[in-house]
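Could you walk me through this model, strand by strand and hole by hole? I'd like the cut-offs spelled out along the way.

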Amino acid sequence: MSLPSTADVLIVGAGPAGLSLALALQKEGCSDVLVVDGAVQGESTSRAVAVHAATIEALDTIGCAQPILDACRKISATVIRTKDYVIETASFTPLAKYTKYPFMVAIPQHVTEKIVGDIAQERNVHVLRPHKVIAVKPNAADSKLTDVSFEDGHVLTARFVVGADGAHSLIRQSAQISWADPDGDPNDTEHNLLAQMIVADVTLENPPTWPRDNINLVASPGNFCLFIALPGEPYPSVPAGEPVFRVACAIPAALGEPPHAPDTAYVQKLLDAWGPNVVLPAGAPRVTVKQTAWSSRFRTRSSIASAFFARLPRSDEEGGALGGPIALVGDAAHIHPPMGGQGMNLGIRDAVKLAMPLTAYIRATASGSAVDGRVDLDGPLRQWATERRGRAQTVIRLVKGLQRALIVPDTTRWVLGFIPVNPVWLRNTVLRILCSFQWWRARSAWNISGLGNP
């Protein structure tokens with residue numbers, strides 16, 4: 001299918017957020033929706049691995065929850081493991097009082113994206129690839145419309161444009177929306193110990209015999225290693241029946257920049273320094289990496305768009321009213337470190353929540369209500385944007401808090417010259433006390449699940 005000349009809604013980006021929005025719009029009865037993406041095909045590898053209860057509820061409204069549940073591993077708890085302690089920090093089972101999904105879901109993002117993409121295709125949602133957007137600007141004849149220019153020279157005119165095009169969003173930049181850490185924190189290795197990380201999906205010799213329904217965080221002085229057993233057979237390159245494990249680790253600045261695609265030897269060094277081999281009992285067989293199915297490096301930071309809804313600015317020469325409306329969802333609107341697995345989840349919920357006010361806007365403009373100056377067509381969209389930006393700020397604060405709790409220096413200070421204070425000991429002691437109470441573990445699960453911040 002070639003690109004049309006017009007569309008009511010153009011979604012730029014065919015990741016989980018963009019596809020979820022297209023399906024939610026279809027459910028609301030908004031039919032003239034087009035999704036475009038510059039990539040030839042969807043991702044076959046990914047960083048995100050968690051889907052939370054609030055997101056499953058959102059996916060259920062667009063008919064995508066059950067296929068994801070069929071392909072996932074259900075997680076009952078998150079566990080911090082140190083040399084001396086095993087601390088269950090979040091228990092999801094108590095959430096059964098609030099949701100029919102009292103668990104976290106472990107599933108690679110590329111599997112989630114394929115499931116949602118297949119459902120979109122079955123329902124005749126138009127997803128066109130590869131079509132790279134290079135510019136957006138107000139339509140010369142009607143500034144309330146937007147002209148979208150593609151790399152091949154094609155121009156499409158849309159009533160509404162949604163940027164689901166990632167952290168380097170062209171749509172956000174074109175709307176001149178600022179992008180910064182909400183607290184003004186610097187994003188560098190000196191101030192952010194998670195500024196650079198690696199993630200890898202591997203097969204193992206002598207994998208730990210930890211429960212497969214746990215998210216494991218190995219906490220070492222000044223660092224951590226995430227360890228999760230993935231469901232099913234996510235990589236064709238891995239022999240059938242061979243379990244695949246997700247590992248992720250922060251890379252201290254002293255080690256320099258990690259390789260673009262860390263090899264097996266590099267991943268092994270991390271497991272030996274900060275992974276399972278650090279906390280397993282003496283005499284336990286060494287966990288060794290057999291195969292690296294996929295790996296990547298990435299930099300982490302927290303940034304949020306100053307607005308999730310705006311109208312395109314017009315040049316000084318054009319003057320007059322602002323141009324057509326745009327909205328931002330997913331990584332185009334907010335990013336943050338991966339603690340708690342919140343990023344993709346928040347983006348999907350952004351998208352599903354946007355469908356109703358966006359459909360109302362399309363219907364009103366199509367019916368001619370826009371000419372009535374008494375009707376504030378942008379009002380519901382501004383309300384959506386304010387709410388979603390608040391949700392994103394809450395998530396960023398949550399993630400930063402988790403990061404501060406997990407990565408602390410193992411240095412002893414002497415208070416008053418004779419009282420030793422060690423941050424690692426203090427953290428572990430406080431966590432052991434708090435997490436001995438089920439209400440605390442349930443509270444932690446509630447915060448991570450998104451049920452209180454849907």
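This is a predicted model: local features need pLDDT of at least 70, side-chain atom pairs count only at pLDDT 80 or more; totals for chains, interfaces and linings use all residues.

Residues are numbered from 1 along each chain as its sequence is written, and side-chain values use heavy atoms, with hydrogens and water left out.

Six of the seven residues of β1 are buried, so the strand is largely enclosed by the rest of the structure; buried means under 20% relative accessible area, with exposed over 50% and partly exposed in between, using a 1.4 Å probe on protein chains only. On one hand, β1 runs parallel to strand β11 (residues 155-163), joined by six bridges, and alanine 7 sits opposite alanine 158 there. (Two strands pair if DSSP finds at least two bridges between them.) On the other hand, β1 pairs with β2 (residues 33-36), again in the parallel sense, over four bridges, with isoleucine 11 facing valine 35. To get from β1 to β2 the chain passes through helix α1 (residues 16-28), and this β-α-β crossover is right-handed: with the strands pointing away from the viewer, the path from the first strand over the helix to the second runs clockwise.

Next comes an open antiparallel sheet of three strands, in the order β3-β7-β4. β3 (50-51) and β4 (73-75) are at the edges with a single partner strand each, so one side of each has no neighbour in the sheet. β3 pairs with β7 (residues 104-106) over two bridges, and alanine 50 stands opposite alanine 106.

Now for the cysteines. A search of the whole structure turns up zero disulfides, a disulfide being a pair of cysteine sulfur atoms within 2.5 Å. Cysteine 72 has its nearest cysteine sulfur, that of cysteine 64, 14 Å away. Cysteine 72 is buried, at 14% relative accessible area. Cysteine 225 is buried too, at 1%.

On a 1 Å grid over the protein atoms alone, a cavity is a set of points where a 1.4 Å probe fits but cannot get out, a pocket is an open set with protein on both sides within 12 Å along at least five of seven lines, and lining residues have an atom within 4 Å of a point. Grid points are joined across faces, edges and corners, and a volume is the space filled by probe spheres set on the points.

The second largest pocket holds about 470 Å³. Its lining has 21 residues, with Glu113, Lys114, Gly117, Asp118 and Arg129 nearest the centre. Helix α4 contributes the most, nine residues.

There are two cavities of 30 Å³ or more. The largest has about 50 Å³ of space, and its lining includes Trp210, Arg212 and Phe245. Strand β15 gives the largest share of that lining, three residues. The second largest cavity has about 30 Å³, and Tyr235 and Val244 are among the residues around it.
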